[in-house]
Amino acid sequence: MDKIIRIGTRESQLAMWQAHQVNSLLTAQGYRTELVPIKSEGDIDLVTPLYEIGVQGIFTKSLDLALLNNRIDIAVHSFKDVPTQLPRQIVHAAILERGPVKDLLVYKNDTSFLEQPGYIASIATSSVRRKAQWLRRYPQHQLHNLRGNVNTRLQKLAAENWDGAIFAVAGLERINVRPANSIDLDWMLPAPAQGAVVAVCREDDTCCLEACAAFHHKETALTTHIEREFLRTLMGGCTTPISAYAYIKDNTVHFSGELCSLDGSQFFSTSRETAAENAAGIGKAAAEEIMAQGGAEIVAQIRNATL
């Protein structure tokens with residue numbers, strides 16, 4: 001093939017790792033490729049908390065513009081960063097097989113503070129979802145904002161007088177920087193589509209659509225669709241603590257979803273099981289159940305507080 005497929009990516013080590021996965025899958029089919037690093041607003045402003053920036057798709061917008069301006073042919077994203085409403089003329093080309101979905105705590109000294117009810121620990125994360133779930137379990141702890149790429153956040157944790165910081169397992173393990181002093185947070189429900197990577201392209205680019213179809217992972221596509229449908233129905237963005245996880249075992253879809261208030265004091269959760277062939281709409285139905293239980297009030301309160 002004469003055409004060189006230009007793969008757009010953010011410049012962080014993790015984003016480059018993800019782009020290299022797509023690059024390898026394309027070159028294995030005989031396609032010629034080129035990586036094109038592009039800065040995002042989320043990478044440039046490392047001070048303002050994400051929820052104050054208030055832009056859905058802050059890590060994807062620059063790549064989307066490059067795609068629409070024909071500077072690149074494919075953009076590679078962490079799927080959890082992608083808004084549920086894609087820009088016009090951009091479509092999912094492939095969702096890669098999912099990696100680890102859990103969150104973890106990197107701790108400074110030890111984890112004994114987790115068992116001390118009177119201790120006011122300092123925990124760092126800029127995710128409103130992680131903050132809300134942590135405060136629900138440890139309401140006495142103090143949460144601190146922590147921005148930047150994975151390496152920057154690890155360096156910041158080492159420099160600050162914090163007890164620990166929360167990361168995605170996939171983010172640390174993919175670039176081999178998970179410290180020994182870390183534990184999986186099995187009780188923390190992940191962000192919708194956490195651990196998944198998506199490649200997007202222009203909807204009229206039949207070449208890229210055909211090239212990416214070869215590594216589109218249907219099971220991951222189904223489970224992340226359910227989670228993102230749950231998120232979209234709750235009208236949640238990066239300012240709303242929404243968690244969701246779906247997986248398939250023995251052809252049965254198992255789904256859990258949760259909505260929290262920002263301080264974790266109020267929460268609604270739901271779970272569902274259904275045969276994979278009957279899974280259409282379960283994310284929407286689960287979200288509607290939570291809205292009816294009182295979740296709509298939490299969503300309205302958060303929206304009004306962030307306007």
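Mentor: Trp-134, Tyr-138 and Trp-187 are joined into one cluster by ring pairs. Rings of Phe, Tyr and Trp (for Trp, its six-membered ring) pair if their centres lie within 6.5 Å; planes under 30 degrees apart count as stacked, over 60 as edge-to-face and the rest as tilted. The model is predicted, so local features need pLDDT of at least 70 and side-chain atom pairs count only at pLDDT 80 or more, whereas totals for chains, interfaces and linings use all residues. Residues are numbered from 1 along each chain as its sequence is written, and side-chain values use heavy atoms, with hydrogens and water left out.

The structure holds 6 aromatic pairs. In one of them, the ring centres of Trp-134 and Trp-187 are 5.7 Å apart and the planes meet at 45 degrees, so the pair is tilted. Trp-134 belongs to helix H5 (residues 128-137) and Trp-187 to the loop between strand E9 (182-184) and strand E10 (197-202), so this pair ties together parts that are 53 residues apart in sequence. Helices (H or I, at least four residues) and strands (E, at least two) are DSSP runs, numbered from the N terminus. Trp-134 has 0% relative accessibility and counts as buried, whereas Trp-187, at 28%, counts as partly exposed. Here buried means under 20% relative accessible area, exposed over 50%, and partly exposed in between (1.4 Å probe, protein chains only).

A further aromatic pair consists of Phe-230 and Phe-255; it is edge-to-face, with 5.3 Å from centre to centre and 65 degrees between the planes. This pair also links distant parts of the chain, as Phe-230 lies in helix H9 and Phe-255 in strand E12, 25 residues apart. Both phenylalanines are buried.

The surroundings of Phe-255 deserve attention next. Not counting residues up to four places away in sequence, Phe-255 touches a set that includes Ile-226, Glu-227, Phe-230, Ala-244, Tyr-245, Ile-282 and Ala-286; contact means heavy atoms within 4.5 Å.

Phe-230 and Phe-255 are also among the residues with the most contacts inside the largest nonpolar core, a group of 21 residues; Ile-226, Leu-234, Val-253 and Leu-259 are the others named there. Helix H9 (218-233), strand E11 (242-249), strand E12 (252-260) and helix H10 (282-306) each supply at least two residues of this core, and H10 gives the most, with 7 residues. A nonpolar core is a set of buried Ala, Val, Leu, Ile, Met, Phe, Trp, Tyr and Cys residues joined through side-chain atoms within 4.5 Å. A second, separate core has 18 residues, among them Tyr-31, Ala-94, Leu-96 and Ala-211.

E12 and E13 pair in the antiparallel sense over 9 bridges, and Val-253 stands opposite Thr-274 of E13.

Another ring takes part in a charge contact: Arg-136 lies over the face of Phe-267, at 3.4 Å from the ring centre. A charge sits over a ring if NZ of Lys or CZ of Arg is within 6 Å of the ring centre and within 35 degrees of the ring normal.

Asp-250 is found in the loop between E11 and E12 and has a positive phi of about 55 degrees although it is not a glycine. Asp-250 is exposed, with a relative accessible area of 69%. Asn-251 has its place in the loop between E11 and E12, and its phi is near 65 degrees, a positive value in a residue other than glycine. At 45% relative accessibility, Asn-251 counts as partly exposed.

How values were computed. Two strands pair if DSSP finds at least two bridges between them.
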